[in-house]
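Here are my notes for you to read next to the model. Have the viewer open and click along as you go.

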Amino acid sequence: MTNSSVTPPSPPTERITRFVEVLLPIPVPGTFTYRVPHALNYAVRVGQRVAVQFGKAKIMSGLVVSITEKVPDVEVKYLMDILDEQPQVNDIQFKFWNWVKEYYLCHPGEVMQAALPSALKLSSESAVALSEDFVLDSMALNDYEYLIVEALQVQPKIAISEVSKIVGFQKVMPLIHSMMEKGILVMEEELNEKYKPKYERFARLAPAYRAEESLQELMDALTKRAFKQLELLLAYLTLGNGLDAEIKVVDLLKKASATSTILKTMSDKGIFEVYDKQVSRLKDYKVQTEVSSIQLTEAQQQAFQQIREGFEEQKPVLLHGVTSSGKTEIYIKLIQEAIDAGKQVLYLLPEIALTAQIINRLKQYFGDKLGVYHSRYGIHERVEVWQQVRDFSLGKSTQRQVIIGSRSAIFLPYANLGLIIVDEEHDSSFKQVDPAPRYNARDAAIVLAAMHHSPILLGSATPSYESYYNARQGRFKLVELTERYGGVEMPEIILSDMRVERKRHTVQADFGGTLMEAIKDTLEEHNQVILFQNRRGFSLRIECEDCHHVPQCINCDVSLIYHKKQNVLRCHYCGYTTPVPAQCPACHSTNLKMHGFGTEKVEEDLKTLLPGTSVARLDLDTTRSRNDYQQILEAFQDKETDILVGTQMVTKGLDFDAVKVVGILNADNMLSFPDFRAHERSFQLMAQVAGRAGRKGKQGKVIIQTYEPSHPVLQDVLRNDFKGLYEKQMVTRRQFGYPPFYRIVLIRLKHKDYQMLNAAAAELSSMLRPIFKHDLLGPEYPMVSRVKNLYIKQMLVKFNREHNAQQVKDMIMKQIGLFRLLPDYKSVIVQLDVDPM
């Protein structure tokens, strides 16, 4: 593979033929070979995007992964065009993508699809045009044909999607094919660039007036005959920093309360130069505080030194610090060291909601060196971050040296990483579920760090058992912070027995008397409350009290959740909605009752029980648009909101000084989940949400509502005994062969016909069982056995960590390859999930 940052060589005298291997963002194995036109022989470089024809007519953009002069055995198509001057992807990225493909058992095109911003992946859209031989005869055309021909007389080409709008129906291909057979239309493919740079109009003083003397003469002249123009000139001088300053036209006109006509007149006179300039859509931040102003406590300083020692030993470092122990201050110090060394930094977070708070803290120290990358960014912003990270690597930019982002930020074009931080490393949000590649960003970050010879730091108050096991085994360096910053006490944890509360009739709505009393006391002291309920919606189900019918999704095997605001029943798997029935669809009884409660009901009940209290909700339903997270959290930060109700989003690293009470409304539904990680996750969730209480000043209070106060996990939470629960879980997992002692590969089969699925699952399991024997579990239906009209069956392959993982995966892939050759099961979808969460 050639080095993508090297200038292409000058062409030699003899004529040679070159071929390129092109990676396309489609789920097929391998790459595609294309011939390079002689005119492009010395312009093409590894990592550039190129336009190629794929199939009979489709045009797509792909990435050049290698260049060769070796002639292929088959006839190949020509490359159509090169889309970039500079490569978009570097050699380390290709190496990393290949590891993701190999480890997570997916296709290289799927990795490309996940890695590249959507605006850099182009595919042609079919368009129609009038045939050159077509002669208009309106009498021979039907109404629809006439509408299309009339539109094409106005503009030469129309996209298929536009044709649908013109004729008023969706399925237009039969009509278009009919018109093509009549010689009226021809179809063409057009490759449209999705990313469009943003331009704004700027004005600056013409060179003739940049000297003090000539400027004074101009002002004297304008004073006598053009006072409005003088006001515009004075506004420019007020806004500008120097006589050659560039000022946005919109800001200039606003400052002077002038019209664009006045500016045009001055431009025509040669006083101002007015021009369009490409600008970034990204926010720029200004440095407000020096990192040197951060004074670490003795415990932090000790942890800081131990982290450095781990880096020198070239090991991943696990920072196990209790909530509010000041991990972020340590991160900032380490980031500054990497910046001073001229290196790039990747700071991974599991939740977009967290980025708003962390950005507000880090922008004070790092200004415009800070960049943000996550899925809520628009397609144009994502491309601009990508390009600025690439340009920093090429020495063309000093911006976006530090990237904060969710899991997709791992794929940006870093060339010189000097530090990776994975905060809240235990969080399952780092794991991609669908579509492939089903990668874990934490594990992938460790591999990426090794490729860059970069240190990596994993941080958490409740580490994943896999990471903690690796640290205990010496594979990672373990650093512990056991005290809260500033000597603040850990919160008091109270288990509220809901059986006792109900017997005493102290329960209001879904709040026990202990919790309600604590909430009222906190609000009287002008402090804040966070309440955690891991279910969104209003009610978990509506049930007929006479026949016990529960409305189900028509596409999935799940009950529908009631959402009061929209007054609909909604499926949280496929999005299907239906109106709330007035009577039971099965027995026509009107005796319908709601069971269970979600965040929407909690919010409404609080407003009823505590009138005048400001309550906000943080869940998927209230954070649909891009800035919703930030607005909700800023209002809470500014104490405009008294109580914040939320799902898992409120458990992850949020830092609010005035939160003194945290309530966990239903701990039992987490503990009873049928998964070997249920106890680990329950402890993590409860410990994390508890950590939001009492982070400054007076000790906080955490109230956990449960019907099983004696449950071992709740007792461990009560004692904050992470290590105790870990030791107990390790005994169980070693005994039954689960991570971290065993690796797992989940094989999931899907089909719309459950009988076909059963036969396919039985066939594949019969092929795998002779190899894996008792280490193959299943096939079985999962808890939700049908999603989006596809039935699901799955099986688990378990194997000891001491075994060669790649050999095991190769055996699995070989059998799946043979299974896919069976004609009866070609329509069955097979998905692989390595290290499922």
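This is a predicted model: local features need pLDDT of at least 70, side-chain atom pairs count only at pLDDT 80 or more; totals for chains, interfaces and linings use all residues.

1. Residues are numbered from 1 along each chain as its sequence is written, and side-chain values use heavy atoms, leaving out hydrogens and water.

2. Let's start with Val662, which sits in strand β28 (residues 659–664); strands are DSSP runs of E, at least two residues, and helices runs of H or I, at least four, numbered from the N terminus. Val662 is buried, with a relative accessible area of 0% (buried means under 20%, exposed over 50%, with a 1.4 Å probe and protein chains only). Leaving aside residues up to four places away in sequence, Val662 touches, among others, Ile530, Val689 and Ile703 (contact means heavy atoms within 4.5 Å).

3. Now look at helix α5 (residues 173–181), where Leu175, Ile176 and Met179 are the buried residues. Viewed down the axis of α5, they fall within an arc of 95°, so they line one face of the helix (the arc is taken from the directions from the helix axis to the C-beta atoms). Pro174 and Glu181 are exposed, on the face turned away from the buried side.

4. Finally, helices α24 (residues 754–772) and α25 (residues 805–820) pack at about 145°, with axes 10 Å apart (axes are lines fitted to C-alpha atoms over the stretch in contact, and angles run from 0 to 180 degrees between N-to-C directions). Residues meeting there include Leu764 and Met767 from α24, and Met811 and Ile812 from α25.
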